[in-house]
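Thanks for sending this one over. Here are my notes, in the order I would go through them.

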Amino acid sequence: NTIIGREACRDGLASKCVYIGSGAGFDSDSTNNIGIGMGAARENNGHYNIAIGPPANNQTSTYTFHAATSSCTGNIAIGEASMQRNETTPLRDYHTTWTGTNNICIGKWSSLDDANTSNAIAIGYQVLADSNEVRIGNDSVTDTYLKGDLHINNKDISGIKKITATGGLDLSGHLLATTSET
């Protein structure tokens, strides 16, 4: 273990972990976890998880990736109070105990819809993702720019408001175009 910070990994039985910051990894019985920031990965009994970020508005008990069971593995939480609870705003003295696997949350207050969410990616401020979802940006985002080829396989794209293609547009399969009058 590499432990730096007041009460980092205190009361925990961590093995092969890195905890840096006051209270990082506090009361964690985990292996191969990384927690950087005040209280990051606190009460985290999962394995192969990464938590980087401070608590929300520097309030105690709104820690980044706070509380996980031993089944919670392969998760990454980066940002202020990321994966603190299954809501878009942190809440003092309340947190979700995570059980899901292979999730990524990047951004201030980014998180997951449910405690057992797995295989989800949430990127941006106050973004929530559910199992097998990728969500980039919150409802305030007005435009999304992607470079390179975009592949959409067997999925409904009815929620897309507008597609602008420069340099050509190649379509294969079935295309149903409808218009509505405004």
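1. Which backbone oxygen does the side chain of N75 reach? The side chain of N75 comes to 3.2 Å from the backbone oxygen of T73, a polar contact (N or O atoms within 3.5 Å; one must be able to donate a hydrogen and the other to accept it, and residues adjacent in sequence count only if both atoms are side-chain atoms). Bear in mind that this is a predicted model, where local features need pLDDT of at least 70, side-chain atom pairs count only at pLDDT 80 or more, and totals for chains, interfaces and linings use all residues. Residues are numbered from 1 along each chain as its sequence is written, and side-chain values use heavy atoms, without hydrogens and water.

2. N75 sits in the loop between β4 (50–52) and β5 (76–78); strands are DSSP E runs of at least two residues, numbered from the N terminus. N75 counts as buried because its relative accessibility is 0%, buried being under 20% relative accessible area with a 1.4 Å probe, protein chains only. Its contacts (heavy atoms within 4.5 Å) include Y48, F65, M83 and N103, leaving aside residues up to four places away in sequence.

3. A56 belongs to the loop between β4 and β5 and is buried, at 3%.

4. The open sheet has 8 strands, ordered β1-β2-β3-β4-β5-β6-β8-β10, with parallel pairing; pairing takes at least two DSSP bridges. β1 (2–4) and β10 (134–136) each have a single partner strand, so one side of each lacks a neighbour in the sheet.

5. β5 is joined to β6 (residues 104–106) by 3 bridges, and I76 has I104 as its bridge partner in β6.

Definitions and conventions: Helices (H or I, at least four residues) and strands (E, at least two) are DSSP runs, numbered from the N terminus. Buried means under 20% relative accessible area, exposed over 50%, partly exposed in between (1.4 Å probe, protein chains only).
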